[in-house]
Amino acid sequence: EDACKLCVDISHLAQETFQILCLNAKNYLTNRHMITLGLVDASLVHPREVMRPAIIESASAIVLVHNHPSGDPTPSAEDIRITRQLIEAAKIVDIKLLDHVIIGRCSDGTKATENNKAFISMREDGLCDFS
């Protein structure tokens, strides 16, 4: 929910954007980085580009955030695949990947989709193993 609130400004974009939130050892936000700005239904994401700002800033942890311009935050098979790949990459560089949040089209945090959720937390929904 905190990640959604921090990134609610991307909920109305016409293009997908993939961002990371860099956190310190106490899980306080230190910076937010846009990694890519893609198309209406896709955004190219590579582990090297995602991890670069976190490594440069010596982040202890990161949260992945991207939007779905359709307004429906349901993750695609590709969203799940890249998240799993990024979890492994984060382990290699010893940075905790805490969650991947997908934001639907919503500005007030309520009833953005038919399932009444403005965002999906892949950790909370058990879609990937973040341990």
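Predicted model: local features only at pLDDT ≥ 70, side-chain atom pairs only at ≥ 80, totals over all residues.
Glu49 has another partner. Its side chain also meets that of Arg48 in a salt bridge, at 2.9 Å from N to O. Side chains of opposite charge can pair when their charged atoms come close.

Now helix α3, residues 77-92. Arg81 and Glu78 both lie in it, three residues apart, about one turn of the helix. They form a salt bridge, and the closest N and O atoms are 2.6 Å apart. Are these two residues buried or partly exposed? Arg81 is partly exposed, with a relative accessible area of 42%. Glu78 is partly exposed as well, at 43%. How many salt bridges does the structure hold? Six. The pairs I have named are among them.

Next, the fold as a whole. The chain has three helices and five strands. From the N terminus on, the order is α-β-β-α-β-α-β-β. Of the 131 residues, 47% count as buried. Now take the contacts in the chain with a separation of 6 or more. Residues 24 or more positions apart account for 66% of those.

On to Ser121. This serine is in strand β5, residues 119-121. Is Ser121 buried or exposed? Its relative accessibility is 1%; the cut-off for buried is under 20%, so Ser121 counts as buried. What does its side chain reach? The backbone nitrogen of Glu124, at 3.0 Å. Set aside the neighbours within four places in sequence, and Ser121 is in contact with Asp99 and His100.

Cysteines next. Cys4 counts as buried, at 9% relative accessibility. Cys128 is buried too, with a relative accessible area of 10%. How many disulfides are there? The count comes to zero.

Last, the surface. The chain exposes about 7,100 Å². Carbon and sulfur atoms supply 53% of that area. There is a nonpolar surface patch of about 270 Å². Which residues make it? Leu13, Met34 and Leu37. Where is Leu13? In the loop between α1 (2-6) and β1 (17-23). At 32% relative accessibility, Leu13 counts as partly exposed. Patch residues need over 30%.

To recap. In helix α3, the pair is Arg81 and Glu78. Ser121 is buried in its strand. Leu13, Met34 and Leu37 make the nonpolar patch.

Terms used
Residues numbered from 1 in each chain as written. Heavy atoms only, no water. Helix = DSSP H or I, 4+ residues; strand = E, 2+ residues; numbered from the N terminus. Buried < 20%, exposed > 50% of the residue type's maximum accessible area, 1.4 Å probe, protein only. Polar contact = N/O pair within 3.5 Å; in protein donor to acceptor, adjacent residues only side chain to side chain. Contact = heavy atoms within 4.5 Å. Disulfide = S-S within 2.5 Å. Patch = residues over 30% accessible without salt bridge, like charges linked within 9 Å, V, L, I, M, F, W, Y side chains within 5 Å. Areas by Shrake-Rupley, 256 points an atom, 1.4 Å probe, with all protein chains shown as cover. Salt bridge = Lys/Arg side-chain N within 4 Å of Asp/Glu carboxyl O.
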